[in-house]
Amino acid sequence: MSSGVLTVYRWELRKLIALKRTYLGLLAAAAVPLAFTITLALRSGQPKDVPFGSYVHQSGLAIPLVLLTFASAFLLPLITALVAGDIVASEDQNGTLKTIMTRSLQRGQIFFGKVLAALTYTLASMLLLGGVAIIAGSMVSGFHSLTTLSGTTVSAVAGLGLVLASFGVYLIPLFAVALIGVMLSTVTRNSAAAVVGTLVSVLLIELIGILPGLEWLQPYLLTRQFDAWQGLLRQPIDWAPITHAAWVCALYGIPSVIAGYLVFLRRDVAGG
Amino acid sequence: MSQTPVEARGLVKQYGRITAVDHVDLTVNRGDVYGFLGPNGAGKTTTLRMMLGLIFPTAGTVRLFGRDPIAEGAAALDGVAGFVEAPQFYPYLTARKNLQMMAAYDGGDASSRVEESLKSVELTGRADDKVGGYSHGMRQRLGIAAALLRQPKLLLLDEPATGLDPGGMRDMRVLIRRLADDGMTVLLSSHLLAEVEELCDRVAIVRAGRIVYEGALIDLKASAKSAYRLRTTDNAKALKVCEAQAGIASARIEGAAIRMEANESAMGELSVALIEASLQIIALMPETATLEDLFFHLTEGSTPGEIDFPATQASVVGEHL
Ligand SMILES: Nc1ncnc2c1ncn2[C@@H]1O[C@H](COP(=O)(O)OP(=O)(O)OP(=O)(O)O)[C@@H](O)[C@H]1O
Ligand SMILES: [Mg+2]
């Protein structure tokens with residue numbers, strides 16, 4: 001089983017490298033932090049009401065953290081959905097699913113190879129966004145010590161470690177979005193529907209949180225978990241929001257992947 | 001392990017109200033080049049999809065060399081290769097890359113056969129071009145190459161020559177013939193009688209999801225009344241001979257020839273009778289029975305109006321022959 005999954009995974013990555021749409025998302029992941037940093041360099045103002053917003057001119061490390069708050073609204077889920085929503089459906093639409101299903105690999109191996117590839121793409125765009133933000137931010141505001149949410153100061157090197165870890169925690173809900181995307185890609189068999197559907201799902205979850213009378217649901221909403229990384233930037237580190245995010249996201253991601261897998265296993269491949 | 005390449009029993013596939021495949025039984029034996037004939041929408045592709053484990057039957061079973069592609073999935077395709085409808089590849093990858101990927105998915109030593117497969121379908125020179133720029137015929141050949149990577153003992157091909165020009169059709173036939181001569185068992189669907197005639201020994205004819213004939217092609221053709229055109233030195237006199245001859249029906253003069261319906265043995269006897277009447281035969285041409293004629297024959301007693309065989313389809317079939 002596992003070597004078959006790896007074979008599919010490797011070829012899925014090669015396909016992504018050969019596809020234009022891959023670079024669309026990566027381009028956005030690089031362009032947004034760049035544009036943000038350039039704007040900051042040209043103007044003296046700072047983002048208000050955003051964690052670390054007031055520090056963007058004191059330490060370049062504050063810039064990737066500010067971007068995390070902005071990116072969660074739309075950008076990273078969009079980039080994630082762009083590939084995750086496409087990864088099964090595009091093969092449905094091009095009729096290539098039948099081509100790969102009549103080789104020697106089981107459907108499950110194909111499915112999980114694709115899941116891994118979608119997660120890898122999410123990771124890559126996250127790394128790109130973070131990397132560009134850290135480098136461009138440090139160039140503009142300097143690689144200086146960072147003031148934490150508790151008001152204490154950590155050295156630049158320790159701050160860098162925290163920023164990278166924050167990106168890691170941020171990936172947890174993002175992976176859940178990717179798994180929802182792959183599930184919708186499998187179920188809808190339509191690339192556009194799956195990409196839009198994934199984004200609409202994220203927006204709807206966000207909407208539920210502001211409905212009156214449903215405030216108690218807030219801690220269990222996927223979109224709320226995009227703030228969990230802030231626990232890392234308290235002193236001492238507050239792990240509670242992070243472990244909470246881990247199991248809440250698992251509640252979204254695991255059923256999605258199981259549903260997608262079962263549908264993929266049992267469905268007719270009649271297209272193409 | 002059963003040695004029978006294909007054994008389908010009671011296959012049914014229902015799409016809502018439409019029964020695409022209706023209790024199909026099919027047996028393909030080792031070494032057969034088996035023709036699976038039927039007009040558009042007869043259920044050929046649907047049957048092949050079930051054999052390849054791509055879709056799940058509503059009822060019935062398939063065994064390929066004794067293994068069940070529906071329960072076992074791709075594991076049952078050991079020694080089996082083929083495609084349904086037009087073979088599809090990744091348009092943004094080159095042909096070689098596509099085949100390398102298929103070989104990786106096949107496992108084993110399939111990767112070592114990529115070049116050889118490209119060569120056998122004469123695509124070596126274009127192997128580094130993206131498949132997106134391939135013509136229909138080239139894709140069709142690439143589909144065969146992808147199947148050959150698996151070194152199949154059984155090849156399932158769905159209308160492999162459809163959309164090819166006459167040269168491409170001939171090349172495809174030559175290729176399939178060569179593979180069959182090398183010992184491959186082939187199941188080939190088609191809506192062109194001419195195509196299976198040249199390749200196949202056994203045929204199943206399917207119409208509206210049901211098998212209406214299964215057996216040797218020779219028996220089918222011998223039993224079908226075929227038409228002949230005859231030209232002699234004296235057509236008027238020859239017509240009388242024809243009319244007097246047993247086993248010859250509806251003989252009449254059409255232009256410079258006499259057209260009649262008869263089976264092969266009656267024609268043989270007629271030629272002797274013509275000689276005995278001191279008539280010289282200038283030309284004797286069989287009019288190839290069309291698929292339509294065969295259907296007509298297979299539903300004997302019914303008039304064309306009673307066979308729900310749309311005229312448009314019939315004429316399409318006719319055009320190709
Ligand atoms: N996925 C599907 N959904 C609904 N109906 C289908 C589907 N696939 C096939 N059918 C129906 O099943 C019947 C058989 O179709 P099939 O494609 O098997 O025919 P075919 O013999 O391959 O025809 P052709 O010569 O045109 O390729 C048709 O009536 C078709 O409309
Ligand atoms: Mg078909």
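Visitor: What counts as a helix here, and how are helices numbered?
Guide: A helix is a DSSP run of H or I with at least four residues, and helices are numbered from the N terminus. This is a predicted model.

Visitor: OK, so where is Leu207(A) found?
Guide: Leu207(A) sits in helix 9 of chain A, which covers residues 191-208.

Visitor: Why does Leu207(A) count as partly exposed?
Guide: Because its relative accessibility is 46%, and partly exposed lies between the buried limit of under 20% and the exposed limit of over 50%.

Visitor: Which residues make the nonpolar surface patch?
Guide: Leu207(A) together with Val196(A), Val200(A), Leu204(A) and Ile210(A). The patch is about 450 Å².

Visitor: Switching topic. Which chains surround ligand 1?
Guide: Chains A and B both supply residues around ligand 1, so the site is shared between chains. Among the residues there are Ala270(A), Tyr15(B), Pro39(B) and Glu159(B).

Visitor: Which element gives the largest share of that shell?
Guide: Helix 1 of chain B, residues 44-51, with three residues.

Visitor: And how many are nonpolar, polar and charged?
Guide: The shell around ligand 1 has five nonpolar residues, five polar ones and two charged ones.

Visitor: How far is the side chain of Thr46(B) from an oxygen atom of ligand 1?
Guide: An N or O atom of that side chain is 2.5 Å from a ligand 1 oxygen. For Thr45(B), a polar side-chain atom is 2.6 Å from an oxygen of ligand 1. For Asn40(B), the distance from a side-chain N or O atom to a ligand oxygen is 3.0 Å.

Visitor: How much of ligand 1 does the protein bury?
Guide: The protein buries 67% of the 630 Å² that ligand 1 exposes when taken alone.

Key
Residues are numbered from 1 along each chain as its sequence is written. Chains are lettered from A and ligands numbered from 1 in the order in which they are written. This is a predicted model: local features need pLDDT of at least 70, side-chain atom pairs count only at pLDDT 80 or more; totals for chains, interfaces and linings use all residues. Side-chain values use heavy atoms; hydrogens and water are left out. Patches are made of residues with over 30% relative accessible area and no salt bridge: like charges are joined within 9 Å, nonpolar side chains (Val, Leu, Ile, Met, Phe, Trp, Tyr) within 5 Å. Accessible areas come from the Shrake-Rupley method with a 1.4 Å probe; for residues, only the protein chains shown count as cover. A salt bridge is a side-chain nitrogen of Lys or Arg within 4 Å of a carboxyl oxygen of Asp or Glu. Helices (H or I, at least four residues) and strands (E, at least two) are DSSP runs, numbered from the N terminus. Buried means under 20% relative accessible area, exposed over 50%, partly exposed in between (1.4 Å probe, protein chains only). A residue is near a molecule or strand if one of its heavy atoms lies within 4 Å of it. A polar contact is a pair of N or O atoms within 3.5 Å; within protein, one must be able to donate a hydrogen and the other to accept it, and residues adjacent in sequence count only if both atoms are side-chain atoms. Ala, Val, Leu, Ile, Met, Phe, Trp, Tyr, Cys and Pro count as nonpolar, Asp, Glu, Lys and Arg as charged, and the others, Gly among them, as polar.
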